[in-house]
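Let's take a friendly walk through this structure. Please have the sequence and the 3D view at hand.

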Amino acid sequence: MAEISRLPGPVMDLWEWQFDGACRDADQDLFFHPEGERGSARRRRAEAAKAICATCPVLKECREQSLAVREPYGVWGGLSEEERATVLAERAGRRVTA
């Protein structure tokens, strides 16, 4: 007989947290910069997106998922592309020196 306790749960269980995201009702353009956006305009847009993230009940799940899949674009879990790259580099550095 198969040992079912080792089988993965239903796929829905892995992603259901997304239904609780504060961003679900927000303008998605706020979370992704348009081509050529730079400087203060980009900073203001990202800060507005991060303000929504700060109120999100699934911030941690979103952040960890974006880091796990190395999400290349947008604000996810309150982190910009650059901030995610920094976190990933720090985590890689810790593993190398540990």
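Predicted model: local features only at pLDDT ≥ 70, side-chain atom pairs only at ≥ 80, totals over all residues.

## Four cysteines from the record

An unreviewed UniProt entry lists C23, C53, C56 and C62 under "binding site". They are spread over 40 residues of sequence, yet they cluster in space, with a largest C-alpha distance of 10.7 Å. The lining of the largest pocket includes C23, C53, C56 and C62.

Take C23 to begin with: this residue sits in the loop between helix 1 (11-15) and helix 2. C23 has a relative accessible area of 30%, so it counts as partly exposed. Beyond residues up to four places away in sequence, C23 touches Q28, F31 and I52.

C62, for its part, belongs to helix 3. Its relative accessible area is 13%, and because buried means under 20%, C62 is buried. Leaving aside neighbours within four places in sequence, C62 contacts W17, W76 and G77.

Which residues of helix 3 are buried? In this helix, residues 59-68, they are C62, S66 and L67. These residues cover an arc of only 130° around the axis, so they lie on the same side of helix 3. K60 and A68 are exposed on the other side.

After helix 3 comes R70, which has a positive phi, near 55°.

## A buried arginine

R45 is found in helix 2 (residues 39-54). With 10% relative accessibility, R45 counts as buried. Its side chain reaches the backbone oxygen of L30 at 3.0 Å.

Methods:
Residues numbered from 1 in each chain as written. Heavy atoms only, no water. Buried < 20%, exposed > 50% of the residue type's maximum accessible area, 1.4 Å probe, protein only. Helix = DSSP H or I, 4+ residues; strand = E, 2+ residues; numbered from the N terminus. Arc of directions from axis to C-beta. Polar contact = N/O pair within 3.5 Å; in protein donor to acceptor, adjacent residues only side chain to side chain. UniProt positions renumbered as here; feature names shortened; annotations may be inferred. 1 Å grid on protein atoms, 1.4 Å probe; cavity = no way out; pocket = protein on both sides within 12 Å on 5 of 7 lines; lining within 4 Å. Contact = heavy atoms within 4.5 Å.
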